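Here's a quick briefing to read alongside the model. Have the sequence and the 3D view open as you go.

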Amino acid sequence: MVNQNLTATEIGFTHEDFAALLDKYDYHFSPGDVVPGTVFSIEPRGALIDIGAKTAAYIPIQEMSINRVDSPEEVLQSNETREFFILTDENEDGQLTLSIRRIEYMRAWERVRQLQAEDATVRSGVFATNRGGALVRIEGLRGFIPGSHISTRKPKEELVGEDLPLKFLEVDEERNRLVLSHRRALVERKMNRLEVGEVVIGTVRGIKPYGAFIDIGGVSGLLHISEISHEHIDTPHSVFNVNDEVKVMIIDLDAERGRISLSTKQLEPEPGDMIKNRDLVYDKAEEMAAKYREQLLAKQQGATAAAATAVEVVAEEEIPPAVELEEEIPPASELEEEIPVVAEIEEEIPPAAKLEQEIPVVAEIEEEIPPAAELEQEIPVVAEIEKEIPAAIEE
């Protein structure tokens, strides 16, 4: 039987030693840290968690999940070990407050950013609607679908509980904004089955001053006023009415912006037929669309050929290699020998004083040239010459 009356001296381990040992192995916890912990007590509105601190940490029920939790047992089980986020520092009792919701929140935003980068399509059920649009949850985060990006004939109120395909429009963790588009997801899915130059049948769902919106298999395309006819049209209302069934040709597919551009002008056998004889346009639609595709293909091939020709011309140009260029250019040392420096040039040019001495001034030149009077005295006149030369007869 163990003697329970042993003194501290006999044991060799005092209360102070035990406290010092606890201090030695106590970890420092700071808000923002993620630490492992074990559930050892579940409370009515929370749970006590052992994370290795002096005092058990506490997690309230509202911090147990990113989603609504009615009972702690929905999330935690006794003796379960998992990661916890330290939400606040120790209170006056030395107790830390923990959170699972914050960890899920960080990981959810990370996952959503990854899905946006992949341009992924996600599905989610509408859990509420308001005047501006509909609310959904993506990875536990609340997302918003603007009314302009909901493509359905149902009233918004009837969308609650309906599962919708969605594309990401905006992911901003700092502003806590997650905006999605149902219309873009439908358009992208529909676009995968559509081609430029294809003739489709649609229904006029709306008319604006700038064009008509045509429903083609659940997605909306725009028939711009400039693409209705080759002849001038004042307003689309003069050609179409809401709920009219029309034949249109696809002239552009913009998956990134979720837009489909349509045309009836390209289907006209003669300019103005959409106004004068719409039935003829519809009868000849496939034939005119085939011609349009041929022209489009010819343009594409011409552009490709032009690009290839340009590449060949560049390749044929004779560009001497760098080695040849270097051989033609003498090194800097030779250039320095051929080009006299400034000092040598100055030596060859006599100073202005010497030039003045070598070049006689005007006065000196005038002195060397005798005046006209003296020249006249030195040159005998004709009469005197005649006296000195005996006539030929006398000889």
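Leaving aside neighbours within four places in sequence, which residues is His182 in contact with? They are Ile145, His149, Ile150, Ser151, Leu164, Pro165 and Leu166, where contact means heavy atoms within 4.5 Å. A heads-up: this is a predicted model, where local features need pLDDT of at least 70 and side-chain atom pairs count only at pLDDT 80 or more, while totals for chains, interfaces and linings use all residues. Residues are numbered from 1 along each chain as its sequence is written, and side-chain values use heavy atoms, with hydrogens and water left out.

**His182**
- His182 sits in helix H4, residues 182-191; helices are DSSP runs of H or I with at least four residues, strands are E runs of at least two, and both are numbered from the N terminus.
- His182 counts as buried because its relative accessibility is 4% (buried means under 20% relative accessible area, with a 1.4 Å probe and protein chains only).
- Its side chain gets to the backbone nitrogen of Ser151 at 3.1 Å.

**Whole chain**
- You'll find 14 helices and 15 strands in the chain.
- Of the 395 residues in the chain, 31% are buried.
- Take the contacts between residues at least 6 apart in sequence: 58% of them join residues at least 24 apart.

**Pocket lining, by class**
- The lining of the largest pocket has eight nonpolar, nine polar and nine charged residues (Ala, Val, Leu, Ile, Met, Phe, Trp, Tyr, Cys and Pro count as nonpolar, Asp, Glu, Lys and Arg as charged, and the others, Gly among them, as polar).
- A pocket here is an open set of points on a 1 Å grid over the protein atoms alone, where a 1.4 Å probe fits, with protein on both sides within 12 Å along at least five of seven lines; lining residues have an atom within 4 Å of a point.
- Strand E13 gives the largest share of that lining, five residues.

Key. Buried means under 20% relative accessible area, exposed over 50%, partly exposed in between (1.4 Å probe, protein chains only). A polar contact is a pair of N or O atoms within 3.5 Å; within protein, one must be able to donate a hydrogen and the other to accept it, and residues adjacent in sequence count only if both atoms are side-chain atoms.
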